[in-house]
Amino acid sequence: MFEPAAWEERYSGPEQILSGKPNTQLVAEASKLTPGTALDVGCGEGGDVIWLATHDWRVTGADFSAQGLRRAARHAVEVGVADRIEWWQVDARTFSADGRRYDLVTTHFLHPPDGGMVDVVARLAGAVGPGGHLLVVGHAPSEVFTQLSDSHRRAMFTAAQLLPGLPAEFDPLVVEQRPRSIIRDGIRVDIHDSTLLARRTR
Ligand SMILES: C[S@@+](CC[C@H](N)C(=O)[O-])C[C@H]1O[C@@H](n2cnc3c(N)ncnc32)[C@H](O)[C@@H]1O
């Protein structure tokens, strides 16, 4: 699941892969901000992008999967917010902002292998404008994920492990693991979202 081909295959079938709902930490944090421009990297089927667009943000949804972006764009048309959204096919591991600046840059459940998320944080920080926010959320390491391969478990992170990727001009506002419950195979499972929220001061 670390390379585009695996995600293209997942998204090529008829069924919806993700919930389509916005992520809990996105809603919690973005609801406190004044809407502006936002970039969501690893946007998948677009649940967060569409939530932001329906809450007055102008959004760019980015993902390395062309099929994922097509699904997300279709969903945005159905919801009637396509005119507030742009789509960008990009790999977070080689991402460069190239002069683009956003008020909010966010990514949820992007888990590159081999500790790669620290470098991704540094890359995404380059797209945050002065006064803007960076929100990074992922799965905290947990015994709950024992069914996954070692490489997948190693790709999980705590929020504090991401701090070396944060440039000096950022103030960390939230660095924590937030509890959340999910239902898996009809059973309630308690997990934690590693949550890093930082504000660019200059
Ligand atoms: C687990 S899904 C999460 C989707 C969405 N953020 C959510 O929370 O519902 C991970 C998404 O990230 C994308 N992705 C994984 N690695 C990526 C990378 N290196 N660059 C860009 N997108 C990536 C996948 O194609 C997939 O759509």
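Modeller: The side chain of Asp-63 places an N or O atom 2.7 Å from an oxygen atom of the ligand, which qualifies as a polar contact (a pair of N or O atoms within 3.5 Å). The model is a predicted one, in which local features need pLDDT of at least 70 and side-chain atom pairs count only at pLDDT 80 or more, while totals for chains, interfaces and linings use all residues. Residues are numbered from 1 along each chain as its sequence is written, and side-chain values use heavy atoms, with hydrogens and water left out.

The backbone also takes part: an N or O atom of the Phe-64 backbone lies 3.2 Å from a nitrogen atom of the ligand, and for a backbone N or O atom of Ala-92 the distance to a ligand nitrogen atom is 2.8 Å. Of the 590 Å² of accessible area that the ligand has on its own (Shrake-Rupley method, 1.4 Å probe), the protein covers 89%. In total 17 residues surround the ligand, with a heavy atom within 4 Å as the criterion, and the closest are Tyr-11, Asn-23, Gly-42, Asp-63 and Ala-92. The ligand takes up the space of the largest pocket, a pocket being an open set of points on a 1 Å grid, where a 1.4 Å probe fits, with protein on both sides within 12 Å along at least five of seven lines; a molecule sits in one if more than half of its atoms lie within 2 Å of its grid points.

Beyond its neighbours up to four places away in sequence, Trp-87 touches Cys-43, Val-49, Gly-61, Leu-69, Ala-72, Ala-73 and Ala-76, a contact being heavy atoms within 4.5 Å. Between Trp-87 and Ser-142, 55 residues apart in sequence, the C-alpha to C-alpha distance is 33 Å.

Glu-29, in helix H2 (residues 24-30), is buried because its relative accessible area is 5%, and its contacts more than four places away in sequence are Leu-135, Val-174, Arg-178 and Leu-197.

Technical notes:
Polar contact = N/O pair within 3.5 Å; in protein donor to acceptor, adjacent residues only side chain to side chain. 1 Å grid on protein atoms, 1.4 Å probe; cavity = no way out; pocket = protein on both sides within 12 Å on 5 of 7 lines; lining within 4 Å. Helix = DSSP H or I, 4+ residues; strand = E, 2+ residues; numbered from the N terminus. Buried < 20%, exposed > 50% of the residue type's maximum accessible area, 1.4 Å probe, protein only.
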